[in-house]
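Please view the sequence and the structure before reading on.

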Amino acid sequence: MKDVKITARVTGVRDDIVTLRLEKDEKGNFYPLIKNEVVYICPSRVPQDNRQEYLQAEVLRVRHGEADVQVFENTRGVAVGDPIRQSGQMLSVTLGPGLLGQVYDGLQNPLEIIAGQHGFFLPRGLQVDGIDTQKQWAFQPTVKAGTRLKAGDPVGHVQEGRFKHKIMVPFNQVGEVEVTWIQEGTFTTTTPIARFKDSKGKEHELTMQQKWPVRIPVCQPLLAQRYSQREYPEQPLLTSIRLIDTFFPIAKGGTACIPGPFGAGKTVLQGLISRFSDVDIVIIVACGERAGEVVETITEFPALPDPKGGTLMDRTIIICNTSSMPVAAREASIYTGITLSEYYRQMGYNALLIADSTSRWAQAMRETSGRLEEIPGEEAFPAYLDSSVKSLYERAGLIRNNEGEQGSLTLIGTVSPAGGNFEEPVTQSTLRTVKTFLGLSADRAYKRAYPAVDPLISWSRYLEQLSGWYNEHLDAQWVDDVKQMQGLLTQGEDIQQMMQVTGEEGVTLQDFLTYNRAQCLDQVYLQQDAFDDVDASTDMSRQMRIFRLLKRCLFEHPNMDDKDTIREHFTKLAGFFRNLNYSHEDGPDFRRYWKEIHNLNHFQLLDGTFAEE
């Protein structure tokens, strides 16, 4: 960095927004500067260790001879006249083996390494590699000299934990290239492992890592040249949470939103989705959350057992920017996380990105916009909030890569509306973009109904879209049955509102029956115990089995002539089903409660099976 020429100087500082004035070259012209380029501010005041700080910043706006940049670190001590050096690159992350299991900040600085070198009070202006360049990896080539390749084609792989990490031709490579030399062995990520010649005859070296700008989707140049293809999501992301998988499914490669007030159980729900979902790679972006919650995530994830073997951290990347960290870095952290997710998707893996929370990301944009004195939109958010939210969620999706393998990126964003107000701009912009909405309710959380997703305000546009998968793997009536049960919940709520005014005496026997059916469905199927070894995770086959039995119990029960009998019957039924949910499917308790349910409803139990007639 010391050898990089000084091309600008600071002329003004407003919190994390710094105005610079460009220097002129020998010909009297301003040095070129482009939007989103990364520059480094070099404060003239050095810290006590006499280390020159290089404060990383991103260009937001360029005017004639001037520019505004957002600094990703504290600007204390930055003065007018301080020199600025240009990098000539956009804000980028390093892609390569060694990402899994890491905890980064929003700029891909490994926090554990920095803490080991400098203590837990992290100094600013450090330059630390996002990937350990000293660690060696066993590279296995899959092509030979003379092979013709294009951008995104793999040349070989290394073993990263349980995953084959593909080493690919740089994604921005134009046209076909020919491999002129390749070697097998154990190398660091910066060691050349191959050389290739482009269409102009120029030779390039290939290492196991490459840089990629976070503002540009990894797949964009590959889709533009039709090396890869974007496909339509056709199967659900199975989370093992009954309420989501059955009633409000999320497609693999789809988008979802989880808004809710403080204390509604967002963190626990995210943990369950991360741990039990049918995905390969999990990326958690803790964007602007309280430091206590982020510390809890960092300490809990390494200890959580992974249902697929090992610990959950073995296939997880955590990116954290707490509310006490600079606003600009908070805004960058979302893009860092989604770029890492796209990288693994391009290898053919199923990646899950959980962004917690996009409200803090939007608030960071609002603060930056205000300091730039841009015309504000609703509630002082920038006028481009809606388009920013849409462009973020559009990076999710299903990709068929160069080899014909299918990879997915599912994006679930949590929103933290003030006071649980779902009408505020960030929530509304998100709702117009995503296809699954899981609205958390403070009222349900107060009643200890977890997950506290309100089935009356939540929705999923994937239920119909995934009907082909349900017809093939479950049955042809699944979607219709789910809609019938959703209708039952709505009817039950309407009757409950009436009963709050008139009491039980003010409703008919049939309405009282409908109300109890809806209550039973809510208690035994929508609610799930996250801290029980059995009930925390319900696979789709068990969900279907219990759902079918419950539906039959709700609509084919014995005749009941009075409200006391109805209440007693459904209280017993709910108790049996709850005990069933806590029982291992291959254990004696499951068989006993299954039989009790059949006896209560006078169903015939087929010998040797769990299927009901």
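The model is predicted, so local features need pLDDT of at least 70, side-chain atom pairs count only at pLDDT 80 or more, and totals for chains, interfaces and linings use all residues. Residues are numbered from 1 along each chain as its sequence is written, and side-chain values use heavy atoms, leaving out hydrogens and water.

**Overall fold**

The protein holds 17 helices and 26 strands (DSSP runs, H or I of at least four residues for helices and E of at least two for strands, numbered from the N terminus). Along the principal axes, its C-alpha trace spans about 95 × 55 × 40 Å. Of the contacts (heavy atoms within 4.5 Å) with a separation of 6 or more, 69% join residues 24 or more positions apart.

**Helices α14 and α16**

The two helices pack at an angle of about 15°, with their axes 10 Å apart. They are therefore roughly parallel, the term for angles under 35 degrees.

| Helix | Residues | Residues in the contact include |
|---|---|---|
| α14 | 509–526 | Leu509, Phe512, Cys520 |
| α16 | 563–581 | Ile566, Phe570, Arg578 |

The residues of this contact divide into ten nonpolar, three polar and four charged (Ala, Val, Leu, Ile, Met, Phe, Trp, Tyr, Cys and Pro count as nonpolar, Asp, Glu, Lys and Arg as charged, and the others, Gly among them, as polar).

Technical notes:
Axes fitted to C-alpha atoms, helices over the stretch in contact; angles between N-to-C directions. Parallel < 35°, antiparallel > 145°, perpendicular 65-115°, else oblique.
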